[in-house]
Amino acid sequence: MIGPLHMLGDLADPSKHQEDLEIEGVAPDTLVSWLRSMLSIRMVEQHLAAMRREGVIGGPVHLGIGQEAVAVGVSEFLSPSDMVFGAHRSHAHLLALGGSIHGLFAEVLGRDTGLSRGMGGSMHLWDQPNGFYGSVPIVAGTVPLAVGAGLASKLRGDPNISVSYLGDGAVEEGGVQESLNLARVLGARVLFVVENNLFSSHMHISLRQPSDSTARFAAAHDITSEVVDGNDVVAVAGAAERLVGRIRRGEGPAFLEAVTYRWLGHVDWREDIDVGVARSAVDVALWKARDPLARLERAMVTAGLWSGEMRRKAASELETEIASAWGRAAADPWPPSSALLDRVYARRAGSR
Amino acid sequence: MSGGVIHNYGTAIRSAFEYLLDRYPEVFILGQGLWSPWYVGNTMTDLDKRFGRDRIIDTPVSELATTGAGVGAALAGMRPIVIHPRMDFMLYAMDAIVNQAAKWSHMVGGQAHSGVTIRAIINRGGEQGAQHSQALHAWFAHIPGLRVVMPATVADARDLLIASVCCPDPVVYIDDRWLYELTAELPPIEERDLALEGPRMVNEGSDLTLVGSGFSTELALRAARQLAEEGVSCDVIDLRVLNPLDPGLIVKSVTKTGRLLAIDGGWRTCGMAAEVLALVSERVPPGALGARPARLTLPDAPAPTSRVLEELYYPSVRSVRDAALKVLAGGTLD
């Protein structure tokens, strides 16, 4: 059990945990699938960073390069009938569930073919057919919503769960504390996943909280929790499997804290090493060496499951897919002008 | 009406809950005080005993998480009703209502809607003061994506609640404790489509148009009865659905009478009465107005506690009647 003064220790130290992942016991197909998924998410986000830098994308994009292992590890145990809620940095949450790259690109470009039909952009994503119920940029805005979705499952007696992705900044919102308590008291079938990347938009967690571990809030609300290296997809998946299983069995909500780091700044393509406190070029370099993708890849090469040639081939195929999806999205139609008013309500007043 | 059931405003609300809980397994209710006899008057008495405490959930003191949970449960296919026994405390829940519920449909391209119903009770007077008295319907009516409903009659208390819960959009349903003693004989329930409901003429006249919502409609009706005895005949329009607001009936009436008095239990500045005056000034033909339109509202001050100040603060039948006569005489209310 995590106590109130629990600290992350080594997990928050980028000079630690740089070793290859321990992959023994994980099925080779699963490892290959995780690797491909993480590579795909990273390349999609690198493409978005480049397009934003060039000014092709009009709105802000919050990129999670370096955090890919969290969504990939958690999504392994989710199905399209589960209900996932995200926040401002949610491209990976959506893509890890099988979301369409073209749909994401078209959305970011404001096209009618986008996942949110061009009404949401990067910060308001929707892909319910794949279990992604929505993301919004108000910090912690979807956390109570996920509790309600998990309560719906409990009331219906179905095995579906909801997932609430939030960050270490979000736990400072009062609504998160209310939500943890409410979920516990009502037995909502919800998994809280805190991607603790140690930073709010610009401030290190040490300047915002007395402890760098957010799992202490789970302890305070008597919610089962695990704390893992979020740059270790095997560790994330192991914890997710245990916690998701508990929730599906009706044993109440659960809480996963995955410690990670975003390579880029809060928003767009820059590294933001000149803002905030304790986000130095040295730290960024150390965290890049703790790369969730490279650590998995090296371990798989050692185990004979992967090779440089396979990597080149996979990357080349993804490049083609990304270029094709982007090209199609950029040529897709804009939303009709009627979308401005027609989508406010399920039906406009006075019409059937 | 023969064969009807006698209800007061409070038991009419309770009968709507019973109907909904009986008919729709996906309906459940959450909020504070639902297992207590003294939070919500007679509007929910023993619902927990009849339908079980899984579906009638008395929650922790957490307005934001409770309301947000209602928004999320609706996205997950349920028809939740969130109860705020006093509107003032609901301000903790503004993110869930304004940022999430109201905007969801538009943000996701109309592919999903949060059909949550948020019931907010106006509970004022009795020397309760600034934080136990607010009527904030105009705030919510300002927000695209929310449907805002204020029943002024016993029938609407029941029927608009059912329509709200059956509506796929988020609805803020606002009832008023000052109306709970109204009684009427109600016909059997017929479900209505909230998107087709709007302002209604509740009294017909020719000299002056009175417009109100919720308790203000009741004041307008009582004042109209008194004015009738004094030889003044009034159209009285009950707004019923404050957002989206259909201006047609109001414009038609004021075009006929040439005179408008809007009455509102909220504040003056950017309030519901201001909206009524604005839509009339935009739409009524030039020359149709025989007098300056006027509004009778709360003064722009928080609710006082002292009884003497309370009497000054709230509109009354008397103040509506006096204001109407001033408008008819061509004066202003300031």
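The model is predicted. Within chain B, the domain assignment gives domain 1 (5-195) and domain 2 (200-328). This briefing takes the chain interface, then the domain interface, then some local features.

**Where chain A meets chain B**

- The contact joins 41 residues of chain A to 45 residues of chain B.
- Three residues, A:Leu145, A:Glu178 and A:Tyr345, supply 18% of the area that chain A buries against chain B.
- Salt bridges between chain A and chain B number zero.
- Polar contact is present, with 14 residue pairs found across the interface of chain A and chain B (both residues at pLDDT 80 or more).
- On the side of chain A that touches chain B, two strands give two or more residues: β1 (83-86) and β2 (132-135) of chain A.
- Helices α5 (143-156), α6 (174-186) and α12 (339-342) of chain A also give two or more residues to that side.
- Which element gives the most to the side of chain A that touches chain B? Helix α5(A) does, with eight residues.
- By residue type, this side of chain A divides into 22 nonpolar, 13 polar and six charged residues.

**Where the two domains of chain B meet**

- The C-alpha centres of domain 1 and domain 2 of chain B are 26 Å apart.
- Domain 1 of chain B brings 32 residues to the contact, and domain 2 of chain B brings 27 residues.
- Together the two domains of chain B bury about 2,200 Å², and 57% of this lies on carbon and sulfur atoms.
- B:Glu127, B:Met150 and B:Trp178 supply 24% of the area that domain 1 of chain B buries against domain 2 of chain B, more than any other three residues.
- How many salt bridges link domain 1 and domain 2 of chain B? The count is three.
- B:Glu127 also forms a salt bridge with B:Arg307, where the closest N and O atoms are 3.1 Å apart.
- The interface of the two domains of chain B holds 12 residue pairs in polar contact (both at pLDDT 80 or more).
- Elements α6 (137-141), β6 (147-149) and α7 (154-166) of chain B each give two or more residues to the side of domain 1 that touches domain 2.
- Among these, α6(B) gives the largest share, four residues.
- The residues on this side of domain 1 of chain B are 19 nonpolar, seven polar and six charged.

**Aromatic pairs**

- Over all chains, the count comes to eight aromatic pairs.
- One of them joins A:Tyr261 and A:Trp287 in a stacked arrangement, 4.9 Å centre to centre with 5° between the planes.
- A:Tyr261 sits in the loop between β6 (254-259) and α9 (281-289) of chain A, and A:Trp287 sits in helix α9 of chain A, so the pair ties together parts that are 26 residues apart in sequence.

**Backbone features**

- Most residues other than glycine have a negative phi, and most peptide bonds are trans.
- Where is A:His17? A:His17 lies in the segment before α1 (28-53) of chain A.
- The phi of A:His17 is positive, near 60°, and this residue is not glycine.
- In chain B, the peptide bond from B:Asn243 to B:Pro244 is cis, with omega near -5°.
- B:Pro244 belongs to the loop between β12 (241-243) and α9 (248-257) of chain B.

Notes: Residues are numbered from 1 along each chain as its sequence is written. Chains are lettered from A and ligands numbered from 1 in the order in which they are written. This is a predicted model: local features need pLDDT of at least 70, side-chain atom pairs count only at pLDDT 80 or more; totals for chains, interfaces and linings use all residues. Side-chain values use heavy atoms; hydrogens and water are left out. Domain bounds come from an automatic or database domain assignment. Contact means heavy atoms within 4.5 Å. Buried area is the accessible area (1.4 Å probe) that two parts lose on being put together, summed over both. A salt bridge is a side-chain nitrogen of Lys or Arg within 4 Å of a carboxyl oxygen of Asp or Glu. A polar contact is a pair of N or O atoms within 3.5 Å; within protein, one must be able to donate a hydrogen and the other to accept it, and residues adjacent in sequence count only if both atoms are side-chain atoms. Ala, Val, Leu, Ile, Met, Phe, Trp, Tyr, Cys and Pro count as nonpolar, Asp, Glu, Lys and Arg as charged, and the others, Gly among them, as polar. Rings of Phe, Tyr and Trp (its six-membered ring) pair if their centres lie within 6.5 Å; planes under 30 degrees apart count as stacked, over 60 as edge-to-face and the rest as tilted.
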